[in-house]
Structures are given as structure tokens and as C-alpha cells.
Amino acid sequence: MSNNHAQGTVAQTIDQKLTASFSPTHLEVLNESHRHHVPPNSETHFKVVVVSDEFDGLRLLARHRLVNNCLADELANGVHALSIHTFTQSEWAADVEVPKTPNCRG
């Protein structure tokens with residue numbers, strides 16, 4: 001089940017790639033560019049929340065590497081920042097709290 005806030009071309013691409021790679025039971029793709037000093041309607045800063053069985057048995061670093069590899073093209077072509085939050089089904093079922101994004105300092 002996707003709880004997706006993806007809007008815009010880059011956000012939709014991120015959503016599609018994460019869905020194809022991880023078959024998530026929960027997915028959020030949040031464009032947080034407006035929280036930074038970028039032009040209006042930018043797609044440069046994203047937060048993703050991915051819940052997938054693909055993460056079972058993997059440490060956090062390995063999970064993040066998988067997501068970074070999946071989105072390598074986007075990270076090399078315009079996405080400046082990617083906040084990654086990955087969970088297994090059991091972790092998500094434990095009602096984890098996704099950290100809030102801090103305000104931009106720059």
C-alpha cells in the first residue's frame with residue numbers, strides 16, 4: 001500500500017523506481033525542496049520512507065546503499081539531497097516514528 005505524496009516529474013520517477021525495486025508495503029516520496037533556498041517548484045530535496053521485506057536482515061547502511069543505487073541517476077542529475085528512512089514490516093508494525101526534517105540552515 002503506497003501512501004504517496006509524489007508530485008512532479010522527479011518525484012514520480014523516484015516513486016516508480018522505488019516501487020519497482022522494493023515492492024514496498026508503504027512508500028512516501030516527499031518533495032522537501034520548499035524548505036530550502038531553491039527556486040519555486042524545484043525538485044532537488046526529497047525524503048523517502050520505504051517499508052519493504054527486501055530490508056529483512058539488512059543493516060541500515062546496506063538498506064541505504066540499495067536505495068542510493070536505485071536512485072543513482074536522479075542523485076547524479078539534479079537531486080541534491082535525499083533523506084532515506086527504511087523499515088522492515090515488523091519495524092513499521094512497531095509504530096516507529098519517522099524523524100522530522102530539520103529546517104534548512106543555508
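Select Trp92 to start: Trp92 is partly exposed, with a relative accessible area of 25%. Partly exposed lies between buried (under 20% relative accessible area) and exposed (over 50%), taken with a 1.4 Å probe and protein chains only. The model is predicted: local features need pLDDT of at least 70, side-chain atom pairs count only at pLDDT 80 or more, and totals for chains, interfaces and linings use all residues. Residues are numbered from 1 along each chain as its sequence is written, and side-chain values use heavy atoms, with hydrogens and water left out.

Now show the aromatic rings. The structure holds two aromatic pairs; rings of Phe, Tyr and Trp (its six-membered ring) pair if their centres lie within 6.5 Å, and planes under 30 degrees apart count as stacked, over 60 as edge-to-face and the rest as tilted. Select Phe22 and Phe55: the ring centres are 5.3 Å apart and the planes at 35°, so this pair is tilted. Phe22 sits in helix 1 (residues 9-22) and Phe55 in the loop between strand 2 (45-51) and helix 2 (60-70), 33 residues apart. Both Phe22 and Phe55 are buried. Return to Phe87 and Trp92: with centres 5.5 Å apart and planes at 50°, that pair is tilted.

Finally, switch to a cartoon of the chain. There are four helices and three strands, in the order α-β-β-α-α-β-α; helices (H or I, at least four residues) and strands (E, at least two) are DSSP runs, numbered from the N terminus. Of the 106 residues in the chain, 38% are buried.
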